[in-house]
Amino acid sequence: MRSSGNASAGMWLFWGTDSCTTRQRGAGAVTSSRSDPLVSKMAAVRCRRDPCGFICLVLTYFSVFYADYVVIEYVLIPAYSGSVWSSMHGTVFNIILLLLLACHSKAVFSDPGMVPLPDTAIDFSDLRSQSSRKNERGCEGWTVCSRCETYRPPRAHHCRVCQRCIRRMDHHCPWINNCVGELNQKYFIQFLFYTGLASLYSIALVVSAWVWRIRHEREDSGEQDKDPSEAPSKHLIVAHYIILLVESVLFGVFVMVIFYDQLLSIITDENPIEQMKNRLMKDRAASSQHTTHTHTHSHTTHTRKPKLALLREVFGRGSVLCWLFPLHSSPPSLGGISYSALPDYDV
């Protein structure tokens, strides 16, 4: 059992001399100087701890490989055999799937931005007496997590599945069996983008192959009665077409809705948890008319930044073309304190 310290020690651990400088750089993305071995082990442990997430991972990879199998075996080879279009469509479709799997793997195994745990437990019994000192330090956005028994930076929230606080947590996604947070939101959005693109591509290929098959059957309608053994394979092909179409439509619509929601949360600089809190505050303010003006202005949490700057916080400051690839940039470090990979806000 960890030894206990007082709240002042905990505040010094996270708020030291450079804490306010860190707060100006990003969303309170400072971590302790010690390495956190739990972060590297969370991805493997989480699969055993969340059966729903493990099932969603298996379903995701099965759906991807099934779509690739149907497109190549029952769409491209029969409809485009002997044509350069078969090789071209097969290459493009598999490149999209490879990027999809790469982005998905990065989103699964990357650290979403876990707040590190202190070496010693912190006693929060004198927390209320520290409130004035906290305000004097200018770190008003820092809060206390009673489950992690630690201080957490602004806009960090506790995930009940991961059992850790996540910086700028958006939500816990079972499809990646991980939280979507400050450090892996880019990979999650890329995964959504390529899933939607693969779904649209497979729909177009299946529809074109189905049209080709109907025309081919009309031309060879006289030979249909001569080869009755062709009927079962024909039914099998149609069944694969229908299953792939249903899969593509369901996944395509689902990921496009989430993709739009993710981009909207980035542009508005407000994640779903903050949106829910602001709505509750607005409802409470509306119920008490004499405090409406006060509540509305007191819950404006952060300054609005340019949209391009907000997008660059997530996707990086490189070329826009680099936003399409799951590239990683190492976060800078200074004085034993690790900072977020978030760049400066100026553009």
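Q: Which residue does R155 form a salt bridge with?
A: In this predicted model, R155 forms a salt bridge with D269, and the closest N and O atoms of the two are 2.9 Å apart.

Q: Where do R155 and D269 lie along the chain?
A: R155 lies in the loop between β4 (150–152) and β5 (156–159), while D269 lies in the loop between α8 (230–267) and α9 (272–287), so the pair ties together parts that are 114 residues apart in sequence.

Q: What other salt bridge does D269 take part in?
A: The side chain of D269 also meets that of K305 in a salt bridge, with 3.2 Å from N to O. K305 lies in the loop between α10 (292–298) and α11, and D269 in the loop between α8 and α9, so this pair ties together parts that are 36 residues apart in sequence. K305 is buried too, with a relative accessible area of 18%.

Q: Which residues end up in one network through shared partners?
A: Salt bridges that share partners join R155, R168, D269, K305 and E313 into one network.

Q: OK, what does R168 pair with there?
A: R168 forms a salt bridge with E313, and their closest N and O atoms are 3.0 Å apart. The pair links distant parts of the chain, with R168 in the loop between β6 (164–167) and β7 (171–173) and E313 in helix α11 (residues 307–315), 145 residues apart. Both R168 and E313 are buried.

Q: How many salt bridges does the structure hold?
A: The structure holds five salt bridges, and the ones discussed above include R155 with D269, K305 with D269 and R168 with E313.

Q: Switching to rings, how many aromatic pairs are there?
A: The structure holds nine aromatic pairs. One of them is formed by Y69 and Y74, which are arranged edge-to-face, at 5.7 Å centre to centre and with 80 degrees between the planes.

Q: How exposed are Y69 and Y74, then?
A: Y69 is partly exposed, with a relative accessible area of 41%, whereas Y74 is buried, with a relative accessible area of 13%.

Q: What about F315 and W323, are they stacked or edge-to-face?
A: F315 and W323 form an aromatic pair that is stacked, with 5.3 Å from centre to centre and 20 degrees between the planes. F315 is buried, with a relative accessible area of 10%, and W323 counts as buried as well, at 13% relative accessibility.

Q: Which residues do ring pairs link into a cluster?
A: Ring pairs link W175, F251 and F254 into a cluster.

Q: Now the surface: which residues make the nonpolar patch?
A: A nonpolar surface patch of about 510 Å² is made by F193, L197, L321, L324, F325 and L327. One of these residues, L321, lies in the loop between α11 and β9 (333–334), and L321 counts as exposed, at 60% relative accessibility.

Q: And G53, is that one buried or exposed?
A: G53, which lies in helix α4 (residues 51–80), counts as buried, at 0% relative accessibility.

Q: What is G53 in contact with, leaving aside its neighbours within four places in sequence?
A: With those neighbours left aside, G53 is in contact with P174 and N177. The C-alpha atoms of G53 and N177 are separated by 4.5 Å, although the two residues are 124 residues apart along the chain.

Q: Last topic: where in the chain is confidence lowest and where is it highest?
A: Confidence is lowest in helix α2 (residues 19–25), with a mean of 37, and highest in helix α5 (residues 84–109), at 95. The chain averages a pLDDT of 75, and 67% of the residues score at least 70.

Q: Over which residues does pLDDT stay under 50?
A: Among such stretches are residues 294–301, for which the model has five contacts beyond four places in sequence, and residues 330–347, for which the model has 48 contacts beyond four places in sequence.

Q: What should be kept in mind where pLDDT is low?
A: Where pLDDT is low, the predicted coordinates should not be read in detail.

Technical notes
Residues are numbered from 1 along each chain as its sequence is written. Side-chain values use heavy atoms; hydrogens and water are left out. Rings of Phe, Tyr and Trp (its six-membered ring) pair if their centres lie within 6.5 Å; planes under 30 degrees apart count as stacked, over 60 as edge-to-face and the rest as tilted. Buried means under 20% relative accessible area, exposed over 50%, partly exposed in between (1.4 Å probe, protein chains only). pLDDT is the predictor's confidence in each residue, from 0 to 100. Helices (H or I, at least four residues) and strands (E, at least two) are DSSP runs, numbered from the N terminus. Contact means heavy atoms within 4.5 Å. A salt bridge is a side-chain nitrogen of Lys or Arg within 4 Å of a carboxyl oxygen of Asp or Glu. Patches are made of residues with over 30% relative accessible area and no salt bridge: like charges are joined within 9 Å, nonpolar side chains (Val, Leu, Ile, Met, Phe, Trp, Tyr) within 5 Å. Accessible areas come from the Shrake-Rupley method with a 1.4 Å probe; for residues, only the protein chains shown count as cover.
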